[in-house]
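Keep the sequence and the 3D view open while reading.

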Amino acid sequence: MTWVLASTSPRRKQLFAQAGFATAGFEFEQVAPDIDETPLTNEDAADYVVRLALEKAQAGLALSQAFSHPKVLGSDTSVVLNGVILGKPQDAQDAMRILRQLSGNTHQVMTAVAITDGHQSFTRLCITDVTFCALTDADISAYIATQEPLDKAGAYGIQAIGGCFVESIQGSYSAVVGLPLVQTRQLMQLFE
Ligand SMILES: Cc1cn([C@H]2C[C@H](O)[C@@H](COP(=O)(O)OP(=O)(O)OP(=O)(O)O)O2)c(=O)[nH]c1=O
């Protein structure tokens with residue numbers, strides 16, 4: 001039996017390693033799923049993240065044929081403001097646009113996790129409210145100059161400099177970073 005993380009995210013790798021602390025001899029392989037992340041027409045944000053997590057897990061399973069009895073985890077994180085998915089910034093200008101919208105407001109971080117072994121698939125969805133303090137354009141420009149926002153949903157990382165903008169959160173911190181630890185462990189236990 002082999003655990004496989006279908007993700008290229010270094011944050012998910014770290015979190016998945018943490019989630020396996022109680023699983024005897026826990027080790028995992030990593031594969032890079034390549035899926036189309038375009039939302040369907042009128043697709044609800046929650047439905048979107050769950051679908052993507054499952055598609056990443058299924059794409060990862062197809063890449064895991066060399067492993068014995070693979071159990072494959074996929075996950076997706078989206079930042080949602082007033083029901084609209086903000087996604088990852090295209091470039092610095094887009095990051096500025098996104099961070100101006102988040103400034104002084106509460107948004108939702110939706111993270112879904114899915115595990116499949118080809119016979120059974122289970123998913124969990126975590127929705128965390130994150131409230132940003134008010135940001136000046138100078139704050140945002142200085143943040144973008146660090147490059148940190150560019151590969152992240154919602155153009156920030158709560159675990160690093162972006163944490164300076166987070167006034168409060170309600171929900172799972174690890175889900176905001178990229179993988180909810182409690183829910184991931186619960187899903188893993190379904191396969192033990
Ligand atoms: C909101 C937020 C997002 N993020 C990151 C987590 C995810 O890596 C990324 C969201 O993009 P995802 O598309 O969920 O994941 P990914 O492309 O990085 O990796 P993969 O699809 O291979 O699993 O944004 C943070 O690191 N910190 C934060 O505070």
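A residue is called buried if 20 or more other C-beta atoms lie within 10 Å of its own, exposed if 12 or fewer, and partly exposed in between. On that basis, buried residues make up 40% of the 192 residues in the protein chain. The model is predicted.

**Confidence**

The mean pLDDT of the protein chain is 97. 100% of its residues reach 70 or more. For the complex, the predictor gives an ipTM of 0.93 and a pTM of 0.96.

**Overall fold**

The protein chain has six helices and seven strands. Along the sequence they follow the pattern β-α-β-α-β-β-α-β-β-α-β-α-α. The radius of gyration is 17 Å, close to the 16 Å that the globule rule gives for 192 residues, so the protein chain is as compact as a globular protein of that length. The C-alpha trace spans about 50 × 35 × 25 Å along its principal axes.

How far apart in sequence are the residues that meet? Take contacts between residues at least 6 apart in sequence. Of these, 73% join residues at least 24 apart.

**The ligand shell**

The ligand is surrounded by 22 residues. The closest are Ser 7, Ser 9, Ala 153, Ile 158 and Gly 178. Which elements supply at least two residues each? They are α1 (10–19), β3 (70–81) and α5 (173–177). Strand β3 gives the most, with four residues. By class, the shell holds seven nonpolar, ten polar and five charged residues.

**Helix α2**

Helix α2 covers residues 45–62. Its 18 residues should span 26 Å at 1.5 Å a residue, and its end C-alpha atoms are 26 Å apart, so expectation and model agree.

Which residues of α2 are buried? They are Tyr 48, Val 49, Arg 51, Leu 52, Ala 53, Leu 54, Lys 56, Ala 57, Gly 60 and Leu 61. Two of the names in that list, Arg 51 and Lys 56, belong to the charged class. As background, an α-helix has 3.6 residues a turn, so residues three or four places apart point the same way.

**The loops on either side of α2**

The loop between β2 and α2 holds Asn 42. Asn 42 has a positive phi of about 60 degrees, although it is not a glycine. Is Asn 42 buried or exposed? Asn 42 is exposed, because it has 6 other C-beta atoms within 10 Å.

The loop between α2 and β3 holds Ser 68 and His 69. His 69 also has a positive phi, of about 40 degrees, and is not a glycine. With 11 C-beta neighbours inside 10 Å, His 69 counts as exposed. Ser 68 counts as exposed too, with 7 such neighbours. Leaving out residues up to four places away in sequence, Ser 68 touches Met 1 and Thr 2.

**Two partly exposed residues**

Thr 131 lies in strand β6. Thr 131 is partly exposed, because it has 15 other C-beta atoms within 10 Å. Setting aside neighbours within four places in sequence, Thr 131 is in contact with Thr 106, Glu 167 and Ser 168.

Arg 100 lies in helix α3 (residues 92–102). With 14 other C-beta atoms within 10 Å, Arg 100 is partly exposed.

**Sequence gap and distance in space**

| Pair | Apart in sequence | C-alpha to C-alpha |
|---|---|---|
| Ser 68 and Glu 27 | 41 residues | 13 Å |
| Thr 131 and Asp 91 | 40 residues | 23 Å |
| Arg 100 and Ile 140 | 40 residues | 7.7 Å |

Arg 100 and Ile 140 are 40 residues apart along the chain, yet their C-alpha atoms are 7.7 Å apart. Thr 131 and Asp 91 are also 40 residues apart, with their C-alpha atoms separated by 23 Å.

Note on methods
Residues numbered from 1 in each chain as written. Predicted model: local features only at pLDDT ≥ 70, side-chain atom pairs only at ≥ 80, totals over all residues. Near = placed C-beta within 6 Å. Expected span 1.5 Å × (residues − 1). Rg over C-alpha atoms; globule rule 2.2 N^0.38 Å. Contact = placed C-beta atoms within 7 Å. pLDDT = per-residue confidence, 0-100.
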